[in-house]
Amino acid sequence: MKVLGIESSCDETGVAVYDTGLPGAAGLRAHAVYSQIALHAEYGGVVPELASRDHVRKLLPLVRQTLAEAGLGVGEIDGVAYTAGPGLVGALLVGAGVARSLAWALDVPAVAVHHMEGHLLAPLMEDDPPQPPFVALLVSGGHTQLVAVDGIGRYRLLGETLDDAAGEAFDKTAKLMGLPYPGGPQLAALAEQGRPGAYRFSRPMTDRPGLDFSFSGLKTQVLLAWQQSDRSDQTRADIARGFEDAVVETLAIKCQRALDAAGSDVIVVSGGVGANRRLRARLQEMAAARGGRACFPRPALCTDNGAMIAFAGALRLAAGQHDGPAVHVTPRWDM
Ligand code: KG4
Ligand code: ZN
């Protein structure tokens with residue numbers, strides 16, 4: 001089955017074709033992402049109406065481009081998957097409208113996908129994928145969650161952030177140190193030049209039991225350190241490194257606890273912050289020390305993309321699930 005996947009929940013237009021007839025990473029026949037970052041940069045954040053309009057402009061050309069790269073005619077598609085939420089309502093409606101119309105015109109099933117389930121399952125697209133049960137860490141701009149995955153579609157929330165998501169903490173901290181939007185990857189790049197231990201920030205909520213997170217206090221600590229510093233380039237890099245180490249260490253401690261609680265040694269990581277080099281190394285080291293492994297999608301599939309939606313949709317379609325013809329999205333939606 002060849003499934004077209006469409007992602008448009010925020011500021012990335014993603015399209016992909018996943019082919020269930022091919023093993024592992026080969027199943028991803030083609031994928032393309034158009035990022036709206038430049039469009040929103042001057043506003044310092046995503047402007048919902050501009051996002052919707054840009055999805056309208058980019059989605060159909062990307063569908064054509066992706067099908068051409070996959071070497072497929074549109075008539076060879078067996079199903080269409082699209083992100084139905086959570087996300088920006090207007091942006092979601094563009095993807096849902098195109099997906100449902102295409103499915104109707106081609107007389108193939110369409111299936112709504114939860115954006116975070118897409119992220120969660122993305123590591124399973126790679127070669128040698130882990131099989132449930134395992135523990136998933138979802139770390140994006142909007143979510144930080146630890147989930148026990150008992151099977152595809154069988155998820156138990158173990159812990160989540162009580163305030164800012166990890167990606168949001170990266171973005172806000174970057175902003176207060178004067179880095180351009182979107183700050184997360186820029187802050188991570190700057191941290192590479194920072195000296196470990198030059199600044200030490202707290203590891204929030206690790207001194208008591210539990211699997212919840214709180215990242216909002218960290219940015220206040222960084223703000224104070226930044227205001228009291230000489231604001232040189234080296235200091236900025238040192239603070240960035242101190243912040244990154246605090247987030248990475250906090251995530252690693254909680255992942256370790258979640259594995260203990262779930263009786264597992266496999267941690268599966270996804271979402272934009274999963275692209276962070278230091279987080280990947282730290283979690284691999286933690287999992288290896290207990291004889292298990294940490295699994296990630298390649299960095300390009302950590303951030304928003306159509307491939308994860310095509311893949312999650314293909315699993316649902318293969319299980320016989322699909323939806324009626326109505327165009328319906330769910331901007332706020334628990335997984
Ligand atoms: O999953 P994603 O693309 O979008 C959401 O669903 O939120 O995640 C975006 C988030 C942003 O907050 C971005 O700053 C963060 O992921 N991010 C990173 C890195 N790359 C992206 N944070 C830290 N280090 C990175 N290398
Ligand atoms: Zn996302």
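Ala, Val, Leu, Ile, Met, Phe, Trp, Tyr, Cys and Pro count here as nonpolar, Asp, Glu, Lys and Arg as charged, and the others, Gly among them, as polar. This is a predicted model, in which local features need pLDDT of at least 70 and side-chain atom pairs count only at pLDDT 80 or more, while totals for chains, interfaces and linings use all residues. Residues are numbered from 1 along each chain as its sequence is written, and chains are lettered from A and ligands numbered from 1 in the order in which they are written.

By these classes, the shell around ligand 1 holds six nonpolar, nine polar and three charged residues. Of its 18 residues, Ser140, Gly141, Gly167, Gly184 and Gly272 come nearest; a residue is near a molecule if its C-beta atom, placed from the backbone, lies within 6 Å of it. Helix 5 (166–176) and helix 6 (183–191) are the elements that give two or more residues to this shell, and helix 5 supplies the largest share, four residues. Helices (H or I, at least four residues) and strands (E, at least two) are DSSP runs, numbered from the N terminus.

Elsewhere, five strands form an open sheet in the order 3-2-1-4-5, with mixed pairing; two strands pair if DSSP finds at least two bridges between them. Strand 3 (28–35) and strand 5 (110–114) are the edge strands, each pairing on one side only. Strand 4 (residues 79–85) pairs with strand 5 in the parallel sense over five bridges, and Tyr82 stands opposite Ala112 in strand 5.
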